Amino acid sequence: VDEQLFFKKLNSLCTSKEIFDFLSSLEVMSDTMASGALQRISEVEVDGNGLKNPEGVLENEVFRALCFQFEFESSKLSNTGLLNALQALIKLRIDPQSTLMASLLAECEERLGKGQLTTKNLCAFGESLLELEGPSCATLEQIVNHMQAKDVAKWSPREIVTVYKMLQVTVREGEKYQGLLNRLNSVTLTIVSQLSPKFTSIILNSLVVLHQTRAVPLVTALCKHSVKHTPYFTDDELVNVLEAFLYFGHREQIFTEVLETHIPKSIYTMHPQTVSKVMHYCCQKMILSKPIFDAAAEGFISDADRFTTDQIAGYIIPFGTLNYLPPSTPSLFRKLEMVLHTRLSHFQPHTLLKLLHSCVLIQRYPVNFLPKIFSPYFLQQLQAQPPGLDRIATSQLTQLFLTVTLECPFYEGPKLLPKYQVKAFFMPHSSLDVYLLKRVKTGLLYLLKKRTYFASEVSTPYFYMVDIEIKLDEEGFVLPAAQCEEVYKRIALCVDGQNRFCVNSHNLLGEEAIKQRHLQLLGYEVVQIPFFEIESLQNHRKMAEYLHKKIFPHTCGLSC
């Protein structure tokens with residue numbers, strides 16, 4: 001039978017019965033044709049849940065005859081026939097410990113040792129071992145050693161991807177294969193535009209696992225290339241891409257725009273873990289994307305009952321971090337409260353603390369659950385689970401306690417004992433913009449004439465640091481900063497640099513918003529000095545005039 005005609009006919013058949021009937025009609029066929037038949041059987045009979053009709057395939061006489069031939073004549077097979085049969089049988093879930101598989105694997109290893117396998121053969125064998133034996137396979141290292149002697153420039157995209165996957169498993173420490181990786185990275189850069197969604201995702205994942213932080217041109221090209229594939233990635237592939245963007249610190253505005261189109265369309269079919277990863281990406285990059293957040297809120301309201309506790313936290317925490325309430329806020333937090341009532345004991349202590357803390361950032365008060373949080377037993381659980389009661393956890397506990405004290409006076413449950421309270425909050429995203437602070441201080445000096453009339457970076461008894469503090473007496477005159485008597489009003493200037501806002505936005509981050517809210521409740525007059533209002537002010541006088549209008553709006557200006 002002509003092989004070309006054979007494969008044309010074979011590929012037109014859609015069930016294993018049709019394939020077996022076709023094979024029965026042939027008197028003779030080559031090993032390439034036989035292995036091709038096994039591959040076609042695996043294509044039509046295997047889906048995401050495994051073999052659709054095990055008995056109809058594995059017990060079929062034609063199938064058993066093919067397996068018998070491959071087991072007892074493995075040494076006579078061509079490399080292509082041998083490796084195609086191995087791949088097909090793995091896909092058909094044939095027992096790896098069976099004599100059939102042992103025979104095929106032994107023959108492959110023998111040919112590997114004799115150097116008889118081509119680049120294509122080596123990659124096919126490597127793919128089989130990755131499927132079959134996983135990370136413990138020592139033979140993979142032999143394959144990689146053989147690949148080092150080959151010309152990378154002649155490899156196909158599939159062969160390049162396979163070598164990356166093998167290197168993920170074989171590179172454990174040191175830079176044993178860094179030379180090969182450097183060549184691989186250089187060649188891959190030239191074919192990025194040819195890569196499919198699957199290959200793009202696999203390579204990005206490999207670069208993360210292999211810590212290829214120096215391969216900046218390749219990472220940048222792959223991230224840009226991944227944008228056009230975003231609607232076509234599977235859930236797992238999209239997660240790999242997002243993790244690469246995070247690991248390498250890459251950000252593409254157009255990637256966010258594509259996600260904003262894709263996520264709302266797919267929210268009800270996308271796996272919760274994928275949506276959680278998208279939310280985590282936005283949170284880490286400080287990207288407040290209303291289309292994504294609104295869609296995530298709708299997805300949570302619809303399906304939260306089937307989420308894991310980590311996924312629940314993954315959906316909700318970014319709303320607090322980025323200080324955003326979606327249109328569906330009442331339904332969203334009603335659903336969250338129902339889920340917490342049902343599954344509160346299922347949450348890991350640190351996850352629950354982060355979740356409830358994120359709620360108070362946006363003025364959603366979990367008063368029904370705070371007695372548990374402030375209980376000695378829960379605090380012991382926090383202490384026992386790494387990282388224990390570190391600075392982040394104690395800051396979150398203290399801020400929860402301060403919130404209920406200031407904003408929920410009706411709360412009568414347990415309090416947080418002083419030994420668990422911090423002296424100053426840990427606010428990683430609210431660090432001072434030193435350059436901006438210097439400009440504001442210079443403007444204040446021009447306005448108030450003396451440096452003694454204001455203080456900067458002032459610690460308060462209420463755990464917060466005030467960027468700049470000005471004290472006034474009862475008649476509205478400015479007092480020296482060091483004076484403690486006759487202080488009628490304290491003004492807190494919040495010098496808000498870009499780092500205190502969501503990216504490309506005038507939306508304050510949650511931790512800065514709650515700080516300004518609490519300072520106001522504690523009696524301060526809060527005056528916000530955002531970067532976008534002062535970046536265009538060219539000289540000291542203009543800065544002083546601006547500050548005068550902000551701080552003393554009802555008094556005569558500098559021109560009086």
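1. Arginine 306 and aspartate 303 form a salt bridge, with N and O 3.7 Å apart; the term denotes a side-chain nitrogen of Lys or Arg within 4 Å of a carboxyl oxygen of Asp or Glu. Arginine 306 is exposed at 52% relative accessibility, whereas aspartate 303 is buried at 18%. Buried here stands for under 20% relative accessible area, exposed for over 50%, and partly exposed for values in between (1.4 Å probe, protein chains only).

2. The model is a predicted one, in which local features require pLDDT of at least 70 and side-chain atom pairs count only at pLDDT 80 or more, while totals for chains, interfaces and linings use all residues. Residues are numbered from 1 along each chain as its sequence is written, and side-chain values rest on heavy atoms, with hydrogens and water left out.

3. The salt bridges number 19 under this rule. One of them pairs glutamate 127 with arginine 158 at 2.9 Å, N to O. Glutamate 127 belongs to helix H8 (residues 119–132) and arginine 158 to helix H10 (residues 157–170), so this pair links parts 31 residues apart in sequence. Glutamate 127 is buried, at a relative accessible area of 16%, and arginine 158 is partly exposed, at 48%. Helices (H or I, at least four residues) and strands (E, at least two) are DSSP runs, numbered from the N terminus.

4. A further salt bridge joins arginine 541 to glutamate 545, with their closest N and O atoms 3.3 Å apart. Both residues lie in helix H27 (residues 540–551), and their spacing of four residues separates them by about one helical turn. An α-helix has 3.6 residues a turn, so residues three or four places apart point the same way. Arginine 541 is partly exposed, with a relative accessible area of 35%, and glutamate 545 is partly exposed at 29%.

5. Which residues does the annotation "domain: RAP" cover? According to the unreviewed UniProt entry, it covers residues 491–549; UniProt positions are given in the numbering used here, feature names are shortened, and annotations may be inferred rather than shown by experiment. In the model this span is 44% helix and 20% strand, and its end C-alpha atoms lie 14 Å apart.

6. On overall form, the chain has 27 helices and seven strands. Its radius of gyration is 32 Å, whereas a compact globule of 560 residues would have one near 24 Å; the radius is taken over C-alpha atoms, and the globule rule is 2.2 Å times the number of residues to the power 0.38. The C-alpha trace spans about 110 × 50 × 40 Å along its principal axes. Of the 560 residues, 53% are buried.

7. Among the buried residues of H7 are Leu100, Met101, Glu107 and Arg111. Their cover includes helix H5 (61–72), helix H6 (79–91), H8 and helix H9 (139–148). Glycine 115, which follows H7, has a positive phi near 70 degrees.

8. The loop between helix H22 (376–384) and helix H23 (391–407) contains leucine 389. Leucine 389 is buried, at 18% relative accessibility. Beyond its neighbours within four places in sequence, leucine 389 is in contact (heavy atoms within 4.5 Å) with Leu379, Leu382, Gln383, Thr394, Leu397 and Tyr420. Proline 387 is placed in the loop between H22 and H23, and a cis peptide bond with omega of about 5 degrees joins proline 386 to proline 387.

9. Which backbone values deserve a check? Most residues other than glycine have a negative phi, and most peptide bonds are trans. Arginine 93 has a positive phi, near 65 degrees; this residue is in the loop between H6 and H7 and is exposed, at 51%. Glutamate 486 also has a positive phi, near 60 degrees. Glutamate 486 is located in the loop between strand S5 (478–479) and strand S6 (489–496) and is exposed at 64% relative accessibility.
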